[in-house]
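Have the viewer open and try each task before reading its solution.

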Amino acid sequence: MATEKPFDAVIIGSGIGGLSTGIILARLRHRVAVIEKNPLPGGLMRSYTRDGVDCPVGVHYFGAFGEGQPLRRMFDYLGVTDAVSAERMGRDGPIDRYLFDDFTFDLPEGIDAFAEALEAAFPEDRRPIAAIIGNLRAVADLQNSLSFLSSATIPFLDRDLFLPLAVYLTKMDCSARLRSVLSVASRWMGLSEHDCPVIYHHLALTSYLLSAWRLRGRGSDLAEAFISRFAGLGGSLICNDPAAAILTDSQVVAGVRLASGKVLRGTRVVAAVHPKAVLAMLPEGAVKPRQARRIRSLVETEGLFAANVAVDARTHPALPHNIYRLHTDREGWISDGVFYQLRAGVEGQNLLMMITQSPFSEWRRWEDTTTGRRGADYQQEKIRRAEGLLGKAEEIFGSLAGGKVIDAYTPLTLRDWVNSPDGSPYGIMRSVRQLPVAAALHRAPLGGLFFAGQNALAPGILGTVLGSFQAVQQIMGHDSFDRKVFSELFAGKGP
């Protein structure tokens, strides 16, 4: 059964990438439908509640949200800024505290402050620090101008920015300790120093140095802000009915068939989901064998294990900064670590979040199970790991006696929620080796098919929203996009 009137665009996925794309197109008076396989829209924006405590999933903190900064400008255009309640970090102390085995480094807000902190901590590295800070400033200027979205030529960047971070830092002759500090930002995207292109590292780092923010209240409030805005612009949101197939006609998309059998007609389909999931929805032969092989060969960033613990708010008050406990090898490269965030909860309880790397292979035993049906042994393994993390956390926070593990999630949890093949929250690995393959996704394998969100450009809120604007640019063409969208990004809040 098909809808009577075709849509101008059908978007698969209702995370921040899909909803941002939907809002932009709806603002431009396109008739848009967003499809979500889960009962609730919002993807990794959405949080959940355990024992009355709100537990974030994908939004722990974000950057560049200050007045006039890139993410704020895009949120202003989308019309969601006023509905987002956030608090700024780093005003009276660090954004992050990095705890290494033999030293501590506090990450401040601002490139100038960062340069001063690096020079104070590593006086023997003044020459490489000066060069790196110079490149960070160039990338910050690029980011602030949103040049990624303009048809104008992107200014020249140092060619070294396209090297792997480890190669770049070695070439700069950085000390082992400086390498350790600078490597942390690559982990924000699920990449090691050996895989992360310097340009991605610098974009992530400068976004937080511009300003770092944390949501107030429930994480799901962010999802609701986007959902409400999309609905207010006349967008159609279809939940609990997964996209089963992308329909084609003479090598051009013709719409989407849902699991229920309902057909949404349209000559543009925007995939704000993983490229491998999209490939599975296309008819046999719709994509050239070589293109299909390249998509199937994409390697994911590694998964995460997260544990949420309710702690006594009197003995463990909320911290205004994040903590990373990190271990390195002799050369300063990070071998493993844990991210901690101690945030306000409810009724005398605060939330201690602990997140660490956990490859999908560690959970393969339960690969063929689904959420809520994995058995007692799976639950016991989650508890064992969570309690192990809790024991290590006491080395930082002191006694956590009385702390209660209220929930934990694994790569399998994320795989089932957002349909990421290996449960990676960061999608495909944007390593130097994979950049050409990832870039090829912008040349859609089928007429009328576009990729949006983090798998189109970069992970994180900023990278995901940029990817959505970029998808709309591809739909509209450069000139029309510059005229109707890009110019308004610098003209204040949209209607």
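**Exercise 1.** How many disulfides does the structure hold?

*Solution.* This is a predicted model, and it holds zero disulfides. Take C196 to see how the reasoning goes. A disulfide needs two cysteine sulfur atoms within 2.5 Å. The cysteine sulfur nearest to that of C196 belongs to C174 and is 15 Å away, so C196 is in no disulfide.

**Exercise 2.** Classify two aromatic pairs, Y98 with F100 and F105 with F122: is each stacked or edge-to-face?

*Solution.* The structure holds 21 aromatic pairs. Start with Y98 and F100: their ring centres are 6.5 Å apart and the planes meet at 80 degrees. Planes over 60 degrees apart count as edge-to-face, so this pair is edge-to-face. Now turn to F105 and F122, with centres 6.2 Å apart and planes at 20 degrees. That angle is under 30 degrees, so the pair is stacked. Then locate the partners: F105 is in strand β8 and F122 is in the loop between α3 and α4, 17 residues apart. Both F105 and F122 are buried, as are Y98 and F100.

**Exercise 3.** Which rings have R27 and R374 over them?

*Solution.* R27 lies over the face of Y77, 3.9 Å from the ring centre. For R374, the charged end sits over the ring of Y378, at 5.4 Å from its centre.

Technical notes. Residues numbered from 1 in each chain as written. Predicted model: local features only at pLDDT ≥ 70, side-chain atom pairs only at ≥ 80, totals over all residues. Heavy atoms only, no water. Phe/Tyr/Trp six-rings, centres within 6.5 Å; stacked < 30°, edge-to-face > 60°. Buried < 20%, exposed > 50% of the residue type's maximum accessible area, 1.4 Å probe, protein only. Helix = DSSP H or I, 4+ residues; strand = E, 2+ residues; numbered from the N terminus. Lys NZ or Arg CZ within 6 Å of the ring centre and 35° of its normal.
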